[in-house]
Amino acid sequence: MTQPHIDTPATPHWRPLSRSRASAATQGAVGAETDEITDAAIEAKEISLWYGSAQAIGDITLKIERHRVTALIGPSGCGKSTFLRCMNRMNDLIPSVRMTGELFLDDQNILDQSVDPVELRRVVGMVFQKPNPFPKSVYDNVAFGARINGYKGNYDELVQHALERAALWDEVKDKLHTSGLALSGGQQQRLCIARALAVNPQVILMDEPCSALDPIATQRIEDLMRELAEDYTIVVVTHNMQQAARVSDRTAFMLAREDRVGRLVEYGLTEQIFTAPRDQRTEAYITGRFG
Amino acid sequence: MTAVRPEAPGSDRYQGARERSRRNTLSAASRWFFLTAAALALLVLAVLAYDTISQGAGRLNLQFFTSYPSRFADQAGLRSSLIGSGWVLALTVVMAVPIAVGTAIWIEEFAPDNWFLTVIKLNLANLAGVPSIIYGVLGLAVFVRFAGMGPSILAGSLTLALMILPMTVIAAQEAIRQVPSGIRDGALALGATRWQAVRGQILPVALPGIVTGVILAIARAAGETASLIMIGAFTFIAFDNSRITDDFTTLPIQIYNWTTRPQEAFRANAAAAIIVLMVIVLAFNLIATIVRNRFRRFR
């Protein structure tokens with residue numbers, strides 16, 4: 001399959017600020033040269049976030065490699081979903097949220113006031129825990145994002161292409177005009193992925209995308225994630241450690257201590273995290289001693 | 001060894017057959033109690049309906065619908081009050097619905113969560129509970145007197161629009177709040193602006209609920225009497241309304257008028273008009289139900 005020939009919607013005023021690329025990985029746990037990320041799609045620097053007066057995540061610094069799958073793992077309440085939602089500023093929708101730190105997407109600090117979260121969210125797509133197709137036809141589900149972003153190309157081609165990339169086309173090509181809600185759970189989640197692809201993002205955030213799906217549907221989504229990583233940067237939050245081990249290139253382990261502030265404990269190549277964790281807490285978590 | 005184990009079946013620590021049968025008796029009794037309560041309400045309604053229909057059915061003929069009011073009961077009809085009701089309701093809907101739906105969208109989707117919003121919400125809830133006669137006093141002071149509209153269709157519609165505004169806002173708010181948050185988040189995560197998410201996804205889902213609320217509010221306005229009498233719509237109208245500055249009368253006002261007459265024959269007229277009004281209000285409620293069920297099927 002060729003590269004996606006989805007045109008950039010009308011006004012791509014996504015202008016990287018001229019700002020020097022930040023220095024190499026700063027996280028203490030990640031030291032080995034082989035771990036070094038030279039081509040980062042996203043770089044977080046000391047991200048902290050508060051819900052009102054309660055801090056949820058603290059000082060998270062990590063780089064996310066371009067065109068790879070990065071998994072965020074950790075027990076419930078460790079702030080991994082919150083951190084994921086920093087990357088497309090979905091947290092902005094919660095009135096009491098406050099953030100500090102810097103989050104670079106291709107050299108632009110997306111937490112900067114000058115960045116429009118609406119424009120950011122086209123570039124950084126998201127797939128949610130529970131499949132949430134719109135109560136509209138399969139076709140309109142995929143076309144909606146393109147429409148609101150002023151896409152001027154051929155919609156039939158766009159819809160077909162997005163559905164093909166999401167490995168759903170063969171199953172729905174004869175029912176493009178039936179409700180998206182009539183599909184099975186796994187199909188609905190792939191429809192949501194197709195919907196995200198149709199606006200031509202660079203990064204796709206997935207917040208426990210398989211937690212509501214059966215094992216077979218889960219496997220299809222995991223296969224799809226591997227395929228999509230050729231063209232997109234994927235960040236996936238998962239509770240399922242086997243899933244992280246199967247699909248991701250790199251894994252970040254987060255944990256909240258008694259202060260309930262989620263922090264990054266260890267970040268590295270997935271293989272290293274699962275076979276030779278450097279931190280005792282990581283080892284305890286991946287071997288199932290807590291969490 | 002010391003683990004707590006559930007009691008074995010048949011253990012005497014569980015309640016015996018006697019208590020069990022008492023529970024079942026209580027359950028059966030409660031069923032009859034609630035059935036009786038529901039039946040009583042229906043019975044009262046049935047008696048009222050029978051009484052009205054038996055009195056008024058005889059007056060329901062074409063002449064009754066096409067005649068103006070008259071001092072002769074057998075020549076009086078609903079023509080001017082039906083036309084007046086139509087004008088007032090149509091104008092009320094045109095004025096109240098856009099404002100109500102707009103307010104609801106603003107409250108649910110755009111408003112910052114601060115003290116100002118709290119004050120507005122509290123006021124809406126209070127206003128929805130204000131007796132309609134108060135709206136009549138307001139309409140009389142502001143529209144009829146201060147704005148110099150007189151007891152016109154315009155003044156009546158504005159008064160009714162104010163009256164149904166709070167409950168329509170609350171119904172629309174409720175409908176918008178029922179939209180699953182995944183739909184809102186899904187749209188926003190694709191790079192939709194707030195308005196694009198509202199227009200493209202949230203409103204279509206909320207629409208049946210909003211329409212239902214609007215129709216129920218119209219039904220309420222259709223039966224409204226006190227506030228319209230207050231603004232001075234208690235007049236004898238023997239012409240077809242053609243301008244919003246016209247004086248007017250409405251169906252419930254006509255009913256009230258007839259019930260105040262001493263002659264027995266006017267009571268029959270009132271009963272017949274009540275039947276007409278009941279059918280109209282029932283029709284609105286039926287439409288509301290149909291709209292709701294119809295849209296639900298497409299989900």
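**A buried arginine, and outwards from there**

Mentor: Let us begin with B:R184, which counts as buried because its relative accessibility is 16%, and keep in mind throughout that this is a predicted model.

Trainee: Which element does B:R184 lie in?

Mentor: B:R184 belongs to helix 7 of chain B.

Trainee: And what is B:R184 in contact with, leaving aside its neighbours within four places in sequence?

Mentor: With those neighbours left aside, B:R184 is in contact with B:E109, B:I176, B:V179, B:R194 and B:I202. For B:E109 there is also a polar contact, made between the two side chains at 2.7 Å.

Trainee: How far is B:R184 from B:F234?

Mentor: Their C-alpha atoms are separated by 49 Å, and the two residues are 50 residues apart along the chain.

Trainee: B:I176 was in that contact list. What does B:I176 touch?

Mentor: Not counting residues up to four places away in sequence, B:I176 touches B:R184 itself, along with B:A104, B:I105, B:E108, B:E109, B:I202, B:A206 and B:I210. B:I176 is also among the residues with the most contacts inside the largest nonpolar core, together with A:F144, B:I210, B:L228, B:I231 and B:F248.

Trainee: Changing topic to the pockets: what is the volume of the largest one, and what lines it?

Mentor: About 540 Å³ of space lies in the largest pocket, and its lining is made of 24 residues, with A:L93, A:I94, A:P95, B:E108 and B:R194 lying nearest the centre. Two or more lining residues come from each of helix 1 (80-86) of chain A and helix 3, helix 4, helix 6 and helix 7 of chain B; helix 3 of chain B gives the most, with four residues.

Trainee: How does that lining divide by class?

Mentor: The lining of the largest pocket divides into eleven nonpolar, three polar and ten charged residues.

Trainee: And the second largest pocket, what are its volume and its lining?

Mentor: The second largest pocket has a volume of about 340 Å³ and is lined by 17 residues, of which A:K130, A:N132, B:P180, B:G182 and B:I183 are nearest its centre. Helix 7 of chain B gives the most to this lining, with four residues, and by class the lining has eight nonpolar, five polar and four charged residues.

Trainee: Where do they lie, and is each one buried or exposed?

Mentor: A:R89 lies in the loop between helix 1 and strand 4 (97-105) of chain A, and it counts as buried because its relative accessibility is 9%, under the 20% cut-off. A:R260 lies in the loop between strand 9 (250-256) and strand 10 (262-269) of chain A, and it is exposed, with a relative accessible area of 67%.

Technical notes:
Residues are numbered from 1 along each chain as its sequence is written. Chains are lettered from A and ligands numbered from 1 in the order in which they are written. This is a predicted model: local features need pLDDT of at least 70, side-chain atom pairs count only at pLDDT 80 or more; totals for chains, interfaces and linings use all residues. Side-chain values use heavy atoms; hydrogens and water are left out. A nonpolar core is a set of buried Ala, Val, Leu, Ile, Met, Phe, Trp, Tyr and Cys residues joined through side-chain atoms within 4.5 Å. Buried means under 20% relative accessible area, exposed over 50%, partly exposed in between (1.4 Å probe, protein chains only). Contact means heavy atoms within 4.5 Å. On a 1 Å grid over the protein atoms alone, a cavity is a set of points where a 1.4 Å probe fits but cannot get out, and a pocket is an open set with protein on both sides within 12 Å along at least five of seven lines; lining residues have an atom within 4 Å of a point. Grid points are joined across faces, edges and corners, and a volume is the space filled by probe spheres set on the points. Ala, Val, Leu, Ile, Met, Phe, Trp, Tyr, Cys and Pro count as nonpolar, Asp, Glu, Lys and Arg as charged, and the others, Gly among them, as polar. A polar contact is a pair of N or O atoms within 3.5 Å; within protein, one must be able to donate a hydrogen and the other to accept it, and residues adjacent in sequence count only if both atoms are side-chain atoms.
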